[in-house]
Each structure stands twice: as structure tokens, then as C-alpha cells.
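Please open the structure in your viewer and keep the selection panel at hand. The tour below goes from the whole chain to single side chains, one selection after another.

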Amino acid sequence: MESLCSSFLQKFTFTPSLPRSQVVRFKIQSVKIDKIPTGTRFLNPVKLAPSDDQTERRTSKVTKQSLPNIIFSSLDHIICKYIDPPLRTSIDPKHVLSGNFYPTDELPPTACEVVEGTLPSCLTGAYIRNGPNPQFIPDGPYHLFDGDGMLHSIRIRDGEATFCSRYIKTYKYMVEREIGRPVILNVFSAFNGLAASIARCAVTFGRVLAREYDPKHGIGTVNTSLALFDGKLFALGESDLPYRIKITPDGDIITLGRHESFGAPFTTMTAHPKIDVETQEAFAFRQSITFMPPFLIYFKINKEGEKQPEVPIFSLPEPSLIHDFAISKKYAIFPDTQIVMNPKNILKGMPAISVDPKKVPRLGIIPRESVDESDMWWVEVPGLNMVHAVNAWDEDDGGGGETIVVVAPNVLAVEHVLDRTDLIHACLERIEINVKERIVTRWALSAANLDFAVINPAHAGKKNRYIYAALGAPMPKISGVVKIDSSLSTADSNDCTVASRLYGPKCYGGEAIFVPNDPETEEDDGYLVTFVHNEITLESKFIVMDAKSPTLEIVAAVRLPQRVPYGFHGIFVRDGDLENCNQINCN
């Protein structure tokens, strides 16, 4: 979170319904909030004002009070107040950070109570979820995607659970914590017209010249997802390289450092690498942060954790926001959507990231083991805006030809993807790519608003039957999870749903992670796990659902010791893998 200056605090006032001691805690030039005010709901403003006891608790922990820092902070305040106040709802922190999107504080390992059922023995390990949790309340524009990454983990052993919340100690987080306010620009909210963009870039350039921070060490929040490969656990965000994470035996979360062997200075890596569990290889990509070609770079990380030579993709003619991709055993499939990144938009008073309604979406197909892009080809797929990918596999069409099958949500009304996520409808589709004819056929697997879909991870890159998708209520809130049986899919079918679970009135969760049973007997033999928050009681729980049940029956629930804000992607790591991660030195 960015700082709240005193004039901003005076402008927005309210009387909280909770005791004052439960509402806010102050630091110099900033406010840090542990709990949300009672009655706060999504899209209702969170309005803050200092009270006497809150003012008394202000502390002086800012260590960089140099003259340049004072000047730059004053300029930041002028920009946020007079040049670029957060006028749009999508970047207004009073709206974006309302309700359970409001940030929470770190919490050390804390024992939890199992309030329903019994935790299955196959859940011995840790469920960890990533998401944005800004450390400073913004006084300027703030987008949902901007917050500092915070990991929320529940460590399970012998049927007992321990919960922990920790910030990912990125370079950005540490620099801003020391300075006492946000200083590194966020691409989704910082560029709103020419004047504001020039002003912010000038202040940023000054901070770099004053050596307040060095961008070659990374500028990302790493707030999106997690991945396990090469015996290491990583937190990821596509604006930076991965950060290595450790879960201690008592359940604490420790940031080991930025994994720079995956890229040179000023480079990044996708938040959605694909892991082939059979070959133990990881496949990934990065995009150019300089807006210069190549705009897409594909690469592989072998089972020893060594990054292989990059494959620059020059056939992508302009920067496109590629958030995710898919792999089969033979191919990698990249979406080129209508979401574009164009710095020239700033000159027109538009954000650098926008939607181009005239652009025809495409899919790019390249052999998985390619060493250059000579065998890559693109096919136009009108109306397909694939932001996430669920799975892909190769099929023989029976006539000597080859078909690539991709399962992915298609974002409808894509023009709202950055500003009004509540108006988005994501339709889960089966996409068939005829490799010989280079044509695409697609149809819906469900009419529901589905995204954040997962599968049994053992079937990544191979044909699978079951998909577990989050039900938008609308997005970014998630009201439940549905189970899709892709074997029921035909060109004439429109709903392959075979099971579903709603979380209850005013209860919302996130991406449900599939954990296979041990030993696993069938593809859907396992459990779905996620965090769920009750907006009436303001209580959060960890729930476990039977993935084979026709109602996705809840078999266990754990009451958490503090609220868990809504977030993005997670992972489950078994106990043995956690121990291996802790034994391998950080590179």
C-alpha cells in the first residue's frame, strides 16, 4: 500500500463501528491496518481518519529521511493529489481495498482448531496461497494486481494445523519498507495520461540516481502464484524473477532470495511455468520489459534446475499481455490476446496496458523442444481471449493427422478485464487445433462463469478427464467450485458439470487446489482445498472437499486465527517435498 498523507486522511472521515483499537495502527506518513471495519463490503469505500489513540501509536521506523527522500516523497504526494488522483473505480484504493480485499498483517505460526471433520492423512504437508497485500495504504492510484505478495500457509501434521501469513521479502518490499512509502511504479496503475506518467517517471529516475534503489535487482511484487520444481519452492509474479521460499517444520514462511539463475538483470519470468512430472522439466517464458522485440522469449529448465538457451519469438509483432500458456507432450501453445501493452497509449492519455477491440486473437504453436522459432506458426482464433490455461494434450485424429487439445477459460467482454472484472464472464472451452490443416474448432464445456481452473497435477500435458473450476460471483469474488467431466464434451454439448459446491451466503473462496489421495486409485481420487471467508462473521476457514463426491462434500474445516484476504493462485506441497526444499541450498 502506498502512504496516506495527512491531507488525504482529513478529507475522508468516518466513525468506525469497531472499537478504535481494532481499526488502525499508524506509522510515520503511513497507516497500517490489521482488521477491516465492520460492515465494509466490496465496492463500498473504506474511509479512514486518525483518532487520538491512533495518533499516539505513530512510530518513527523510517530510516531513510535524507533530503532527496523528503523531496521525492513530497513530489509523490503532489502527483497523487493534484496531477493524477485515483478517479477511476478500478484504481481507487477506497474501492479496490474494501471488504476482504483489505490487507492484513503478518502472523507467525499459530495453532488452529479443526472445527469440522478430520483432516485426511494425505494432506500431511502445506497448502500455500499467494495474493496481493499492500504494505502501505495508497494515497494515489492502486490496482488489484499491484499489492505486495503475501503467502498464507496452513501446515498440517498428525491431523493438526498451523497457520502463518508472511510477506514475500522481495527487493521492492524491502526497499519500500526501509523508505517508508511506495517508491517503485506499478504498471497497472501508475500510467494514467501523459502528465502523470512523465511526472512519475521523473521522480523514479531521480530516486534511482539518488541510489534509493537499483532496478536491476527486481521491481516486482511476486504476488501471483507458487511452483515446485528442481526440489525448490518458488513464489512467482510475471514482473520479476521467482523468489525461493522455505516452509519451516513449525510452519513459518521464510524468503530465501531472488533466484537470479533464471534470468539476467532486468529480466522476468512467467507466474505460470508448466511442470512435466514425468520428465521433471519446467517450461516457461518471459516478456520484454523494454517494449523492444522480441516481445516473447520461451525457455526450458531441465530437471537439474538449469535454464536452457532461450528461444526468442520475433513472430509476435507487438507487445501482448501473455499471462499464461499451455504445454502438451509435443507442443507449447501461446495466446496472443486483445490485451496489449503499448507505451504510445500514454501519449494519448491512456494506460500502457489496454484492450484493442480491432485486434484478432491468435494462438501460437511451437514444438516443445525447439531451439529457435523456425517451426512456430500462428492461427487466428476470433473471439478467443485466453488469459489462463488449464491443460493441453496431443491426440491422433484417426486419419493420420494430429490434433492439439487445449482446455482454457475464454474471457468474454474482454474490454472490462482491467477496469470492471465484475462484468467479465469466463467461459470454459475445449479448443481443438488441427496441426496439419492449421484450423481451430472450439466449444464450451459449461455456460457458467468459470476461471482459476485446476486438474490433478499428475496429468499436466496429458489427456485428462476432470477439471475443477472456480465459480465467479462475479469475479474477482468466487462463490464456489464446480467439477467438469471433459469426457462428456461434444460439439453439441454445453454443460459438462458433474458436481458443484457453493460456499454459502456471503461466503467466498479462491482457486481450489486438487490434492491426490495417497495412494491414488483414480484421476479424481483426492481432495480440493482452499481458503473461504465469511463476510458476515468476518471469519476465514480452510476447507477440505471430497473431489469424488457428487456434492464435493466438505470433509474437514479449520478455523483460521485471522482473516485471509482474497488472492490468486496456490499450491499444495507434501511433507517429503517440503523437507527436500529445506535441504537444498538457495542458488
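Colour the chain by secondary structure to begin with: it has seven helices and 35 strands, where helices (H or I, at least four residues) and strands (E, at least two) are DSSP runs numbered from the N terminus. This is a predicted model, in which local features need pLDDT of at least 70 and side-chain atom pairs count only at pLDDT 80 or more, while totals for chains, interfaces and linings use all residues. Residues are numbered from 1 along each chain as its sequence is written, and side-chain values use heavy atoms, with hydrogens and water left out.

Of the 587 residues, 59% count as buried, meaning under 20% relative accessible area, with exposed meaning over 50% and partly exposed in between (1.4 Å probe, protein chains only). Among contacts with a separation of 6 or more, 62% are between residues 24 or more positions apart, a contact being heavy atoms within 4.5 Å.

**A pair of helices**

Select helix H3 (residues 67-83) together with helix H6 (residues 194-209), whose axes come within 10 Å and cross at roughly 170°. The axes are lines fitted to C-alpha atoms, for helices over the stretch in contact, and angles run from 0 to 180 degrees between N-to-C directions. The crossing angle therefore makes H3 roughly antiparallel to H6; angles over 145 degrees count as roughly antiparallel, under 35 as roughly parallel, 65 to 115 as roughly perpendicular and the rest as oblique. Showing side chains, you will find Phe72, Leu75 and Ile79 among the H3 residues in this contact, and Ala195, Ala199 and Val203 among those in H6. The residues of the contact divide into nine nonpolar, three polar and three charged, where Ala, Val, Leu, Ile, Met, Phe, Trp, Tyr, Cys and Pro count as nonpolar, Asp, Glu, Lys and Arg as charged, and the others, Gly among them, as polar.

**Salt bridges**

The structure holds 43 salt bridges, each being a side-chain nitrogen of Lys or Arg within 4 Å of a carboxyl oxygen of Asp or Glu. Select Asp419 and Arg88, whose side chains meet in a salt bridge at 3.7 Å, N to O. Asp419 lies in the loop between strand S23 (402-412) and strand S24 (425-434), and Arg88 in the loop between H3 and helix H4 (93-96), so the pair ties together parts that are 331 residues apart in sequence. Asp419 is partly exposed at 38% relative accessibility, and Arg88 is likewise partly exposed, at 29%.

Then select Asp276, Glu278, Glu281, Lys300, Lys329, Arg368, Glu369 and Lys462, which salt bridges with shared partners join into one network.

Centre on Leu226, in strand S8 (residues 225-229), which counts as buried at 9% relative accessibility. Leaving aside neighbours within four places in sequence, its contacts include Ile128, Leu151, Leu236 and His569, and the C-alpha atoms of Leu226 and Leu236 are 5.7 Å apart.

Finish at Arg442, in strand S25 (residues 439-444), which is partly exposed at 28% relative accessibility. Arg430, 12 residues away in sequence, is 5.5 Å from Arg442, C-alpha to C-alpha; beyond neighbours within four places in sequence, contacts of Arg442 include Val381, Asn410 and Glu429.
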